[in-house]
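Biologist: I have a fold on my screen and would like to learn how to read it. Could you walk me through it?

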Amino acid sequence: PWYNLGLVYKHMKSWSRSLECNQRAVSLNASDEAAWWNLGIAATALGVWEEARRAWATYGISFPPGDGPLELDLGLTPIRLNPKTSAEVVWCDRIDPARALIRNIPFPTSGHRYGDLVLHDGAPNGYRQLGESEVPVFDELELLEASPFATYEIVVEAANKEDREALTLRAEEFELPI
């Protein structure tokens with residue numbers, strides 16, 4: 001029951017309550033992997049790094065010792081932004097089990113930007129191809145930190161291949177992602 005209540009609070013984004021319920025769940029059943037995972041998500045959302053590290057380590061994730069947030073390189077991961085409304089899947093650099101940095105340029109209507117730090121769930125909700133491998137898609141839970149970038153959408157009509165190449169070179173010159 002404590003795990004289930006923690007899950008309800010996770011879906012409500014009531015991170016303090018989710019943390020408390022999952023702490024109670026793991027105190028009653030230390031082998032409850034799902035409760036440890038959700039404890040890690042809640043602690044990460046709240047920035048309670050000591051508890052997040054304890055949860056991820058107990059779950060079985062290896063990482064270097066230290067304090068503060070984890071800064072891992074868990075590779076490219078597809079994240080579904082706004083999963084309950086206008087879902088859009090973008091590629092992200094996963095920096096710990098529940099956080100990722102957006103590396104695509106999302107649609108402006110998503111309310112997200114290149115470089116945003118998002119909190120994501122750990123339950124796969126579909127798969128995407130990355131090279132020769134299928135990788136799980138995770139649903140965004142919350143925007144943790146907005147990037148300083150803005151997102152714009154433009155429509156450019158290029159008369160020929162040379163015009164397109166010139167535009168691409170100009171964007172690269174100003175370090176604009178394209």
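Modeller: Let's go from the overall layout to the barrel and the helix across it. This is a predicted model, where local features need pLDDT of at least 70, side-chain atom pairs count only at pLDDT 80 or more, and totals for chains, interfaces and linings use all residues. Residues are numbered from 1 along each chain as its sequence is written, and side-chain values use heavy atoms, with hydrogens and water left out.

Biologist: How many helices and strands are there in the protein?

Modeller: Helices (H or I, at least four residues) and strands (E, at least two) are DSSP runs, numbered from the N terminus. Here you get five helices and five strands, running α-α-α-α-β-β-β-β-β-α from the N terminus.

Biologist: In what order do the strands close into a barrel?

Modeller: Two strands pair if DSSP finds at least two bridges between them. In this protein the five strands close up in the order 1-2-3-4-5, with mixed pairing. On average, neighbouring strands of this sheet are turned by 50° against each other, direction ignored.

Biologist: In which sense do strand 1 and strand 2 pair?

Modeller: Antiparallel: strand 1 (residues 76-81) and strand 2 (residues 88-96) share six bridges. Leu81, for instance, has Glu88 in strand 2 as its bridge partner.

Biologist: Which strands does helix 3 lie across?

Modeller: Contact means heavy atoms within 4.5 Å. Axes are lines fitted to C-alpha atoms, for helices over the stretch in contact, and angles run from 0 to 180 degrees between N-to-C directions. Helix 3 (residues 33-46) lies across strand 2, strand 3 (99-102), strand 4 (117-130) and strand 5 (133-145), at about 130° to strand 4.
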